[in-house]
Amino acid sequence: MQTTEAGRTYRAGAAIKPRRLLKLSAENTVIHATADTDKIIGVSGESTRRHDSTDHAIADEQVQVIEFDGVSTPRVQFGGTIAVGDFLVATADGKAIAATIENVSDSQTATNVNAVGPATQAGAADDYIRFRAVAQNGI
């Protein structure tokens, strides 16, 4: 794992899209966060691997990860409507949606939800919007 000015470099455990919420899948390896219970460690970088690619990285390539430091405001792709101040959780493809009690299934309690944020801008599905890079595990 390397440290760069824009974050750290990890290994991709699968294809990684730009500006998606990420979780660790193994030591120094990341994949998209896919549920409101995932412990999100950061956001994938904004670039694509080539001009003709939609991926930031594919399996076994390096992934730029903007980690949560409480100060940074990385951009993430939204999976739904977000208001300023909303805390965010991951969708099945690593996009961010607003954390609400509806995100919690019948078998979970609200303390199982791992959110990040808050959002510093409002937006709609597929917008790329900034949020405060703070993990809120177990809200």
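Strands β3 and β4 (residues 29-32) pair in the antiparallel sense over four bridges, where strands are DSSP runs of E with at least two residues, numbered from the N terminus, and two strands pair if DSSP finds at least two bridges between them. This is a predicted model, in which local features need pLDDT of at least 70 and side-chain atom pairs count only at pLDDT 80 or more, while totals for chains, interfaces and linings use all residues. Residues are numbered from 1 along each chain as its sequence is written, and side-chain values use heavy atoms, with hydrogens and water left out.

## Exercise 1: the strands around β3

Task: trace the pairing of β3 with β4 and with β5, and identify a bridge partner in β4 and in β5.

Solution. Begin with the hairpin of β3 and β4, which has two residues between the strands and in which Asn28 takes a positive phi near 60 degrees. Within this pairing, Lys23 has Ile31 of β4 as its bridge partner. Next, turn to β5, which pairs with β3 in the antiparallel sense over three bridges; here Leu22 has Gly42 of β5 as its bridge partner.

## Exercise 2: salt bridges across the sequence

Task: for the salt bridges of Asp55, Arg75 and Arg49, find the partner, the location and the accessibility of each residue.

Solution. A salt bridge is a side-chain nitrogen of Lys or Arg within 4 Å of a carboxyl oxygen of Asp or Glu, and the structure holds ten of them.

Step 1. Asp55 forms a salt bridge with Lys17, the closest N and O atoms being 2.9 Å apart. Because Asp55 lies in the loop between β5 (40-44) and β6 (62-67), and Lys17 in the loop between β2 (7-12) and β3 (21-26), the pair ties together parts that are 38 residues apart in sequence. Asp55 counts as buried at 13% relative accessibility, whereas Lys17 counts as partly exposed at 26% (buried means under 20% relative accessible area, exposed over 50%, partly exposed in between, with a 1.4 Å probe and protein chains only).

Step 2. Arg75 and Glu46 meet through their side chains in a salt bridge of 3.4 Å, N to O. This pair links distant parts of the chain, with Arg75 in strand β7 (residues 75-77) and Glu46 in the loop between β5 and β6, 29 residues apart. Arg75 is partly exposed, with a relative accessible area of 25%, and Glu46 is partly exposed at 37%.

Step 3. The side chains of Arg49 and Glu61 form a salt bridge of 2.7 Å, N to O. Both Arg49 and Glu61 lie in the loop between β5 and β6, so the pair ties together parts that are twelve residues apart in sequence.  Arg49 is partly exposed, with a relative accessible area of 29%, and Glu61 is partly exposed at 26%.

## Exercise 3: the surroundings of Thr91

Task: locate Thr91, decide whether Thr91 is buried or exposed, and list its contacts beyond its sequence neighbours.

Solution. Thr91 lies in the loop between β8 (88-90) and β9 (96-98). Its relative accessible area is 16%, so Thr91 is buried. Leaving aside neighbours within four places in sequence, Thr91 is in contact with Ala33, Thr34, Ala35 and Ile97, where contact means heavy atoms within 4.5 Å.
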